[in-house]
Amino acid sequence: MTSTQYRVIGSRPVRHDGADKVTGKAIYTADTKLPGMLAGFVLRSPHAHAKVVSIDTSEAEATPGVHAVVTGKDFPNVENKMADLGEGSVNLAYLSSNCMAQQKVLYRGHAVAAVAATDVHIAEAAAKKIKVEYEVLDSVTWVLDAMKEDAPLLHDDLVTDSMGDKAENPSNVPVHLHFEKGDAAKAFEEADVIVEREFKTATVHQGYIEPHAVVADYNEDGRLRIWTATQGSFTARQQTAEVLQIPLGNVLVTPCEIGGGFGGKITVYLEPTAAILSKKSGRPVRITMTRADVFEASGPTPGSFMRVKIGAKNDGTMIAGEAWLAYDAGAYPGGMIGPGCMCVFSCYDIEHAVVDGYDVCLNKPKTSAYRAPGATQVAFATEQLVDELAAKLGMCELEIRQKNAVKEGSRRVDGPVYPPIGLEECLQAVQESDHWNTPLEGPNRGRGIAAGFWFGCGLKSSAACTVNSDGTINLLEGSTDIGGSRTSIAMQLAEVLGLEADDINPMVGDTDTAGYTDVTGGSRVTFATGMAAYEAGRDLQQQMKTLAADLWDCSADEITVGEDGAFTGAGKTVGFKELATELFQAGEHLVGRATVSPECPTNGFGAQIADIEVDPETGKVTVLRYTTIQDAGKAIHPSYVEGQLQGGTVQGIGWALNEEYFYKDDDTMANASFLDYRMPTMLDVPMIDTIIVETGNPDHPYGVRGVGETPIVPPPAALANAIFNATDTRMTELPMSPPKLWKAMQSKQTSE
Amino acid sequence: MAPQSVSEVVAVLSEHGDRAKLLAGGTDIIVQLREGLREADVVVDIKKIAEVTSFKYCDENGLSLGAAVACYNLYEHPQLSKLYGALADSTHIIGGWQIQSRASVGGNLCNASPAADSIPALIALNATAVIAGPSGERSVAVEEFCTGPGRNVLENGELLVSLQIPAQGANCGSAYERFIPRNEMDIAVVGVGSWVKLADDGTIAEAKIGLGAVAATPLVAEAASASLIGKEPTEETFAAAGELAKQIATPISDMRGTDEYRTHLVGVLVKRTLTTAVERAQSS
């Protein structure tokens, strides 16, 4: 499959939205202006956990310039019904009270009221006149504390569901997951070497540069129009309609250009509030979050506690695995524990394994997806233990990974058997890389490697292509373009039709114009929406064959379409554009369409190599060299694949070294700004080298695998392994920030 | 408003008291006003006043630095950046270059952040603050200028006019270094400024060390500075000074570092800045 020569696929055309983005013409949500538009301001809880005793909005409502005020009582009662978010699902009652608190606030930043006024300053000043009486409750922000019997309860009606069995008493643990294969206990008895450790990771945020923003316009006829920064216009439409209890068909969501999402712009936060403010005021309303709001009141990814154990035979074969995982859910149930459990041993063929996972509510914002949600945490644990195992067995850390790597036919602990996958090829690429073969020299320096996995999903996508009279194409699809997907989708259509990428005008439609399409998430867009575009192209070719048969006076079966997209029949060969023009002139116009819903995961594996240097006096880590290797199946646009690899890696480096929600004694966040929430700047990372492996995915016409998420999985583990090799200090807690690494090195020196 | 003279500013400040705020580069005050951290009825731009916006150096009196002179003027100046190494170091890392094109050293001092980058450097260089007010002019040593986080000695009606920094003879050298977890866009976890003057025999004749972010105000490490006098500039000497400096540090624990870690960093940075300062003195 990889040996196939393509004309367009694998090339690097300029992206269709490039000029608009670099010249500032692209329209983002906060650029949207409607006549008579008001500005909204959301009043948020200063407490981590409190009962809302009363809210008095009278003074705010009387403020000149104020047009509407909303509180929880303006939101309709919604049932405990699950709504599909595309990649995961949500309980609507929780979703609604996360948008606007009802009886209780569950985290600092939880919305309690909102004001719409003629400008944002009036709205803010008026919101501060709203009198909220709180009864402050005990709060909890550490996952193990929240699991204790005497922990402050966030939800009185929440009981643990343990694989279907419901507990009697309420707790903060909505879900206990349990997976096993083989007989792990027995296998550990038979193991020659066992490694076991406990690990902790801090809550981290996606850190997208564009804060959440929305414009809502509630019309007199009951139609609601929304412009928003979302990864999925259709899920935003569904969530908004359900929370407001209005018909789905009454809501139009227009996805604006988006300044990053990484999983954090799937859940709605502001949309229902803006809609109710608009309904009450009769005017369009725009709300934008501040950066502090984004940190405190959107959806970060879970902090975690993990205990992981692996047993192996003397020859290096891993035979037994055990994991006990507790992940923050945040204020409401439904965190990332599921994928955490599925990913903990996903890279290794371990015959006997048992995994327990707990989803834990605590007084932090409700967690959300973040690039391979739940996988980075467990990789931090497992990949360090694999290194320790190798050291105990006197093996090379690459060799032990190669020996135990999953391949076609390996079964994961949660059940699925892998189809053809590319982890072995990625590890081979490590072995052959210039980086791996260049010795690292100098004091306080170390090299570390780690592997990583993310499922990559299919879900639903649609595409429609209208043929212009000159044979160029307008492609309408519904995937919010975050990483250049307009182009990578258009390239697949261009390839099948024998056109160039710039013969296609891709457009991301709104929910009234595009066919149903799930979120831009799960590394699915180039795979699934690309597949829809491919199928739409095939649909077009079928129609053209039928029409050409009439024109050429032959049977449609006699007409064939070549690799170059040319039609051959009745003794002639005609290119796509030529035929399209001919048909148009003959009075035929063409629209191709397709809907797809592939159910198979695309199984993206990767491996990374990190070289670092530690300042022994300060504990500061400098990343010297970094190589990210990944199986892309087939890279449609290699520059965008490399961009995903580099971006994910840099986010992983930030998570590893400095990023964390730092909580004060009152369980409120101390560092809700980009100053003190330390993401890497361009001066903090070297150029990330990339190696794209292409093993070909049999479930896609061009062999595509999702690539967006896996690159964030290995970095904390690879860096921890590198730090160990540099300092002989094993870091089991994220972030490995200078104060923590210095302290760990000190403790190690003292104990020696 | 933008008065043309120091006396006009004094008059405005006297009239409005706390409700008037001065604007030099504006990189702190505009943010503080916007975020509601400070409030004002009147914002007074002082950049129309020559003596506040100019600077001059002479071998006798040293550097007279107008309070509103922007950071880049120092590190881009071929002579001053050499003479006042510590000040060049610190002005080069206050914000990015856009900020450095606006932000002034005087403003950095008046803002009185315990973690301000320029203050330990000014302390090490023995700078004096020249203050104008309703009752005329007075001078205050920089280490006495800050009285708490965000607070300083300026009384009602007073403004900082300039900083006077002594001339740097041969055999003088200084350096400022801060520790931050990243390499940019950060606030000092600890900052240290060191200044030395070497005797003809190469031993240390005079020294002064300023510490930032380890107390409510920037500090002078007096015992540490005194311990260097008459000593050979060796790693052991610097390490011993670092230990003495650690003793006066009373840092807080917050998201930028624990008190234990900050205290440890004082020792590391005293050693590192002394090393650089001596190297600069030896090559001057």
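A polar contact is a pair of N or O atoms within 3.5 Å; within protein, one must be able to donate a hydrogen and the other to accept it, and residues adjacent in sequence count only if both atoms are side-chain atoms. By that rule, 17 residue pairs are in polar contact across the interface of chain B and chain A, both residues at pLDDT 80 or more. This is a predicted model: local features need pLDDT of at least 70, side-chain atom pairs count only at pLDDT 80 or more, and totals for chains, interfaces and linings use all residues. Residues are numbered from 1 along each chain as its sequence is written, chains are lettered from A and ligands numbered from 1 in the order in which they are written, and side-chain values use heavy atoms, with hydrogens and water left out.

Start with the two chains. Contact (heavy atoms within 4.5 Å) links 20 residues of chain B with 22 residues of chain A. The two chains bury about 2,100 Å² between them, with 55% of it on carbon and sulfur atoms. Buried area is the accessible area (1.4 Å probe) that two parts lose on being put together, summed over both. In chain B, the most area is lost to chain A by B:Arg182, B:Met255 and B:Tyr261, together 33% of what that side buries.

Now the charges. A salt bridge puts a side-chain nitrogen of Lys or Arg within 4 Å of a carboxyl oxygen of Asp or Glu. The rule finds six salt bridges across the interface of chain B and chain A. One of them joins A:Asp615 to B:Arg272, at 3.0 Å from N to O. Helix 13 of chain B (residues 259-283) gives the largest share of the side of chain B that touches chain A, seven residues. Helices here are DSSP runs (H or I, at least four residues), numbered from the N terminus.

Next, look inside chain B. An automatic or database assignment sets the domain bounds: domain 1 covers 50-165 and domain 2 covers 172-283. In contact are 24 residues of domain 1 and 25 residues of domain 2. The two domains of chain B bury about 1,800 Å² between them, 60% of it on carbon and sulfur atoms. In domain 1, B:Pro114, B:Pro120 and B:Ala124 lose the most area to domain 2, together 28% of what that side buries.

Three salt bridges are counted between these domains. B:Glu143 forms a salt bridge with B:Lys208, with the closest N and O atoms 2.7 Å apart.

Notes:
Helix = DSSP H or I, 4+ residues; strand = E, 2+ residues; numbered from the N terminus.
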